[in-house]
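Here's a quick briefing to read alongside the model. Have the sequence and the 3D view open as you go.

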Amino acid sequence: MNKYINLRKFKKEELIFDDEETKVILRFIFKNRHNFINTLAINDKIREFAQGLLLEAVDASYALGFVHSLFGGAFNPGVAAKKVFMKFSRKALKHWFKHASAKDLINIKIYNAVRQALEAGFTSRLSMYANGTAMNEVENSGFVAYASNKKRNMVWG
């Protein structure tokens, strides 16, 4: 499934995560950019970007139609990411999602293929935030190609 996506925009009062939780989300999505992310000065635009990425990761994983680890193993995202995902599942508004239901949010599932597609599609946007050129951008958008193969390893689930 290939598509050009615009990440959801959030009002300031809808932003759920603090600076450190925002970095946890970004480190989860951008596996090879940890040092880079650790140096980011977090602001509301970056918090919105990270929250939009997490929302898209959850929703896209449900759109792919996950089946409880029938097609591969899930692996542990780490204690910090688990806490952030649990907070997200409690505070996310169900109307934010196109595919995941409120019941689905109890056990958030994210496929590695989705995480990788978001990483590939939004690494340049992350760089723009880091160097200050994305601060005036209106849309967080990118091209993603979610794998539809039968082996769907979950990053979290």
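Let's start with charge: the side chains of Glu20 and Arg27 meet in a salt bridge, 2.9 Å from N to O. Bear in mind that this is a predicted model.

**Salt bridges**
- In total, the structure holds six salt bridges.
- Another one joins Glu14 to Arg8, with the closest N and O atoms 3.7 Å apart; Glu14 counts as buried at 16% relative accessibility, and Arg8 as partly exposed at 26%.
- Asp44 and Arg47 pair up too, their closest N and O atoms being 2.8 Å apart.
- Those two sit three residues apart in helix 3, so about one helical turn separates Asp44 from Arg47.
- Asp44 is partly exposed, with a relative accessible area of 29%, whereas Arg47 is buried at 16%.
- Lys12 joins in as well: Lys12, Asp44 and Arg47 are linked in a network of salt bridges.

**Helix 3**
- Helix 3 has 20 residues and spans 28 Å from first C-alpha to last, close to the 28 Å expected.
- At its start, a side-chain oxygen of Asn43 comes to within 3.0 Å of the backbone nitrogen of Lys45.

**Nonpolar core**
- The largest nonpolar core has 39 residues, and the ones touching the most other members are Leu26, Phe30, Phe49 and Leu53.
- Helix 3 gives the most to this core, with ten residues.
- Setting aside neighbours within four places in sequence, Leu26 has contacts that include Ile37, Leu40, Phe49, Leu53 and Leu126.

**Aromatic pairs**
- The count comes to three aromatic pairs.
- Phe30 and Phe49 make a stacked pair, with centres 6.3 Å apart and 20° between the planes.
- Phe30 lies in the loop between helix 1 and helix 2 and Phe49 in helix 3, so this pair ties together parts 19 residues apart in sequence.
- Both Phe30 and Phe49 are buried.
- Phe49 also pairs with Tyr129: the centres are 5.0 Å apart and the planes at 40°, so this pair is tilted.
- With Phe49 in helix 3 and Tyr129 in helix 5, the pair ties together parts 80 residues apart in sequence.
- Both Phe49 and Tyr129 are buried.
- Ring pairs link Phe30, Phe49, Phe122 and Tyr129 into a cluster.

How values were computed
Residues numbered from 1 in each chain as written. Predicted model: local features only at pLDDT ≥ 70, side-chain atom pairs only at ≥ 80, totals over all residues. Heavy atoms only, no water. Phe/Tyr/Trp six-rings, centres within 6.5 Å; stacked < 30°, edge-to-face > 60°. Helix = DSSP H or I, 4+ residues; strand = E, 2+ residues; numbered from the N terminus. Buried < 20%, exposed > 50% of the residue type's maximum accessible area, 1.4 Å probe, protein only. Expected span 1.5 Å × (residues − 1). Polar contact = N/O pair within 3.5 Å; in protein donor to acceptor, adjacent residues only side chain to side chain. Core = buried A, V, L, I, M, F, W, Y, C linked by side-chain atoms within 4.5 Å. Contact = heavy atoms within 4.5 Å. Salt bridge = Lys/Arg side-chain N within 4 Å of Asp/Glu carboxyl O.
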